[in-house]
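Here is a short briefing to read alongside the model.

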Amino acid sequence: MRSRDDGLGVPDEEPGRDEGHPERAGGTPREQDRTGGPLDVADVIAEGVRGVPAVEIPRRLCAVAVELLPVTGASVSLRGNGMPVRMGASDPAAARLAEIQATLGDGPSLYAARAGAPVLASDLTAGRDARRWPVFAQQAAEAGVRAVYSVPLGDDAVCVGTLDLYGDAPHELSGRELHTARLVAGVMTLALMSLPLDADDEDADAAMEASWLSVVAAEQDEVYQAIGMIMAQLGVGADEALALLRAHAFAQGRTALDAAHEVITHRMRFDQD
């Protein structure tokens, strides 16, 4: 376990760190059952996904994270070639926050994916967190988000993505809360790695058309196609083309996916900009 001194914002797991917060003594309200006793987090996670179709598990686990932790939204993204690939979110607002980070190419999620360790931005309104990601912090605040906690998916050797948690008020996760987030991220990793790529033969077309997998693939194809078109228009490399796409999206107050769609439908040409 890294300490906060590593620059990643990960708290030490101190047994008594909640003593100064009586409302969280013994766990947050979401970590207690109706009798006031602590819930078995693993049981809550298992109950949350019981009977849920495989393709719905990422979204459902995001919802479970919101139930268990002092956050208002959650999203999950896999590492893509240049941009994170959003796989699910608890609600449209959380999905929007994930797209903002992907569009900017900056934020706690991307740092966590690169470091392979949790990055906890406990207060985006002031201090170090606001200075580390000034543009993202401003856009997050405008969306009503004051804290972001990004937990890597994968193992010690490979980070395959992140579970991103969004709070509407500054808050430093306790050791117990971070442990819960890690449990959800571990189950999320197993779920994403075991999701089926094909449906039953008789329902294959309909099932795949309705699944998040086909939607995500189509969205990423648009981004890669747009990058290729920008490269051809300007004679630049892929990294510069992606940077230009992101810059255009940011200037227009849109997501990178929106900007990519403009490019491939010929509503936007960079050689005429």
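A hairpin links strand β4 to strand β5 through 4 residues. Please keep in mind that this is a predicted model.

**Strand β4 and its partners**
- Strand β5, residues 159–167, runs antiparallel to β4, and 8 bridges join the two.
- Within that pairing, S150 has D164 in β5 as its bridge partner.
- β4 also pairs with strand β3, residues 119–121, in the antiparallel sense over 3 bridges.
- If you want a residue pair to look up there, L120 stands opposite Y149 in β4.

**Helices α1 and α2**
- Helix α1 covers residues 41–49 and helix α2 covers residues 57–68; they pack with their axes 9 Å apart, at an angle of about 140°.
- The crossing of α1 and α2 is right-handed.
- On the α1 side, the contact is made by V41, V44, I45, G48 and V49.
- On the α2 side, I57, R60, L61, V64 and L68 meet them.
- By residue class, the contact of α1 with α2 divides into 8 nonpolar residues, 1 polar and 1 charged.

Key
Residues numbered from 1 in each chain as written. Predicted model: local features only at pLDDT ≥ 70, side-chain atom pairs only at ≥ 80, totals over all residues. Heavy atoms only, no water. Pairing = 2+ DSSP bridges. Axes fitted to C-alpha atoms, helices over the stretch in contact; angles between N-to-C directions. Left-handed = near helix turned anticlockwise from the far one by under 90°. Contact = heavy atoms within 4.5 Å. Nonpolar A, V, L, I, M, F, W, Y, C, P; charged D, E, K, R; others polar.
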